[in-house]
Amino acid sequence: MSPRGQTIVAIILISVGLGGSGCTRTTYGAYEDEPSEVPLLDRRVAVEIDRVFYAAPPECVIILPTRGTLDFEAAAVIERSLERHLGQRLPKIIGALARHRLERARGFNLSDPTDWIYFSRETGCGAVLESEAHAVNADYFLVWAQRSADLEVTLRRIGDGTVLWRARHLAQRSDGGLPLGPISLTISTVEAGRFHGDTDILPSLIDDAVRRIVASLPDVR
């Protein structure tokens with residue numbers, strides 16, 4: 001292949017890597033899968049389901065406060081999204097609002113696993129859902145911008161601490177591109193700046209990540 005052809009191929013690959021592709025698909029694999037085994041254009045969700053889940057799926061789940069270095073608004077978005085999507089898979093969900101009310105009324109502290117037992121007795125819920133934001137990032141390089149959310153959730157039985165299900169996914173979106181001239185430089189700069197300043201991107205991206213994660217959980221309603 002000529003140098004010009006190699007340059008064109010490189011530009012195409014970079015554009016695909018930055019902006020995504022219509023051929024991109026979501027795939028599900030085990031936690032121990034090596035990154036090299038994941039196809040380049042796949043959105044990979046790492047999943048692990050214990051056989052105990054199938055034998056005795058939880059009737060009720062308490063969504064715990066999201067952990068991680070993120071602000072209150074982003075944490076609230078994650079918890080609301082989890083409540084909405086899990087409600088399509090499990091019979092009963094106690095989300096943030098109901099959890100806060102019970103914590104205030106009964107003096108519980110759900111950051112302490114000891115209080116899970118008391119909370120469980122009060123609500124009849126036998127499982128908790130832990131969520132952690134490993135990273136929620138916004139990158140901006142004038143001609144290219146990206147948002148990413150790396151989320152992990154763990155469904156745990158309160159009585160013995162058994163992990164019934166866990167899943168992790170890195171969701172990404174980007175805009176802008178590789179400028180090839182003055183006109184494309186202007187277009188890429190405008191697109192990247194508009195993307196970076198769009199406050200609707202993060203909630204939508206988080207919801208995408210949660211939706212893909214929860215899709216790996218069997219529907220037991």
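Reply: Contact here means heavy atoms within 4.5 Å. The model is a predicted one.

Me: Which residues is Thr-66 in contact with, leaving aside its neighbours within four places in sequence?
Reply: Thr-66 is found in the loop between strand E3 (60-63) and strand E4 (67-68). With neighbours within four places in sequence left aside, the residues in contact with Thr-66 are Ala-75, Ile-78, Glu-79, Ser-131, Glu-132 and Ala-133.

Me: Is Thr-66 buried or exposed?
Reply: Buried means under 20% relative accessible area. The relative accessible area of Thr-66 is 12%, so Thr-66 is buried.

Me: What is the separation of the C-alpha atoms of Val-47 and Val-153?
Reply: Val-47 is found in strand E2 (residues 42-49) and is buried, with a relative accessible area of 16%. Val-47 and Val-153 are 106 residues apart along the chain. The separation of their C-alpha atoms is 9.8 Å.

Me: How far from the centre of the ring of Tyr-31 is the charged end of Arg-166?
Reply: Not counting residues up to four places away in sequence, Val-47 touches residues including Tyr-31 and Arg-166. The charged end of Arg-166 sits over the ring of Tyr-31, and its distance from the ring centre is 3.7 Å.

Me: What kind of aromatic pair do Phe-53 and Tyr-54 form?
Reply: The structure holds 1 aromatic pair. Phe-53 and Tyr-54 form that pair, at 5.8 Å centre to centre with 90° between the planes. Planes over 60 degrees apart count as edge-to-face, so the pair of Phe-53 and Tyr-54 is edge-to-face.

Me: Which is buried and which is exposed, Phe-53 or Tyr-54?
Reply: Buried means under 20% relative accessible area, and exposed means over 50%. Phe-53 has 1% relative accessibility and therefore counts as buried. Tyr-54 has a relative accessible area of 53%, so the exposed residue is Tyr-54.

Me: Where does helix H4 stand relative to helix H5: parallel or perpendicular?
Reply: Helix H4 (residues 96-106) and helix H5 (residues 114-123) pack with their axes 12 Å apart, at an angle of about 105°. Angles of 65 to 115 degrees count as roughly perpendicular. H4 is therefore, relative to H5, roughly perpendicular.

Me: How many residues of the contact of H4 with H5 are charged?
Reply: Arg-99, Leu-102, Glu-103 and Arg-106 in H4 meet Phe-119, Glu-122 and Thr-123 in H5. The residues of this contact include 2 nonpolar and 1 polar, and the number charged is 4.

Definitions and conventions. Residues are numbered from 1 along each chain as its sequence is written. This is a predicted model: local features need pLDDT of at least 70, side-chain atom pairs count only at pLDDT 80 or more; totals for chains, interfaces and linings use all residues. Side-chain values use heavy atoms; hydrogens and water are left out. Rings of Phe, Tyr and Trp (its six-membered ring) pair if their centres lie within 6.5 Å; planes under 30 degrees apart count as stacked, over 60 as edge-to-face and the rest as tilted. Buried means under 20% relative accessible area, exposed over 50%, partly exposed in between (1.4 Å probe, protein chains only). A charge sits over a ring if NZ of Lys or CZ of Arg is within 6 Å of the ring centre and within 35 degrees of the ring normal. Axes are lines fitted to C-alpha atoms, for helices over the stretch in contact, and angles run from 0 to 180 degrees between N-to-C directions. Helices (H or I, at least four residues) and strands (E, at least two) are DSSP runs, numbered from the N terminus. Angles under 35 degrees count as roughly parallel, over 145 as roughly antiparallel, 65 to 115 as roughly perpendicular and the rest as oblique. Ala, Val, Leu, Ile, Met, Phe, Trp, Tyr, Cys and Pro count as nonpolar, Asp, Glu, Lys and Arg as charged, and the others, Gly among them, as polar.
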